[in-house]
Amino acid sequence: MTRWMWAVTMVALGGVGCQNEQKPAIPTRAEIKALGGSTVEFIPKAGQHPYCMLFTVSEKGVIRQLTMTRENRSIKCETGKRIYNSSFRIPVEEGKIRAYVFFSDQRIQAGSVAQQLYDLRDKQRVSAMDFRLPGAVAVEMLEFTPQPGGEPVTGAVVGTTDIATEGNAPEESQTEEAEVEEPAQNTAPPPAQ
C-alpha cells in the first residue's frame, strides 16, 4: 500500500510541476508598430526571406493589398525597416484587422495570393501550407484594432514623416519607389518612316 501511495504522490507532484512551466514565446517574423489611433507600420524581423507582400482582412470582410506595385508582385523588404517604407492608416469603421505578411524567396504575383486569401477569409489561422505559392514562403499574421483619433499630420505626404515648413518644400523624401523590375518589353510605337 505504501508503494501505491508513493506512486500516486509522485504522479500528482509531477503534474503540478508541468503546469507551472510556461511555453516559450513563438518567435514572430514581423512586428506591428502602432503610431497612434489607426496608423501603423509593419517591420520585418531578422532572418526572413527578402521579398514580402502585405494584406489586411477586416472584421467586415474587406481585403486590402497594402503593397501594390505596377507589376502587382511582392516587393523587397529589409530587416528592421518599415514595409514599403510607409505607414498605413486602417479604417476605424471596419473594426479589428488581421494583417498577413507573406515572406518569400522570389517575387510572387499578388493576384493569386489575394484570391486564395479571399477563399480562406473565414479561417482563423492560416499558414503558408494553406496557399499554393512557388518557392519558399512564410506567413505572419498580426492583429490590430484601430482606435478613433490620433494626431493628423498636416503638410505631409500620406505614409511619410516629411513635414513641409512654411515657405519651404519638405526635406528629402523618405519614401522611395519600391524595388520594381520593369518588364523588358519595348512598349513604344515604332518610329515613323
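Because the structure is a prediction, local features were required to have pLDDT of at least 70 and side-chain atom pairs pLDDT 80 or more, while totals for chains, interfaces and linings use all residues. Residues are numbered from 1 along each chain as its sequence is written, and side-chain values rest on heavy atoms, with hydrogens and water left out.

Helices (H or I, at least four residues) and strands (E, at least two) were taken as DSSP runs, numbered from the N terminus; two strands were counted as paired if DSSP found at least two bridges between them. Three strands form an open sheet in the order S1-S2-S6, with antiparallel pairing. Its edges are strand S1 (30-36) and strand S6 (88-89), each of which pairs on one side only. Strand S2 (residues 39-44) is joined to S6 by two bridges in the antiparallel sense, and Thr39 has Arg89 of S6 as its bridge partner.

Helix H2 spans residues 110-119 and contains Ala114. The buried residues of H2 are Ala110, Val113, Gln116 and Leu117. Viewed down the axis of H2, these residues fall within an arc of 125 degrees (taken from the directions from the helix axis to the C-beta atoms), so they line one face of the helix. Their cover includes strand S3 (51-58), strand S4 (63-65) and strand S7 (97-104), where contact means heavy atoms within 4.5 Å.

Ala114 counts as partly exposed because its relative accessibility is 25%. Between Ala114 and Ile63 the C-alpha to C-alpha distance is 7.9 Å, with a separation of 51 residues in sequence.

Note on methods:
Buried < 20%, exposed > 50% of the residue type's maximum accessible area, 1.4 Å probe, protein only.
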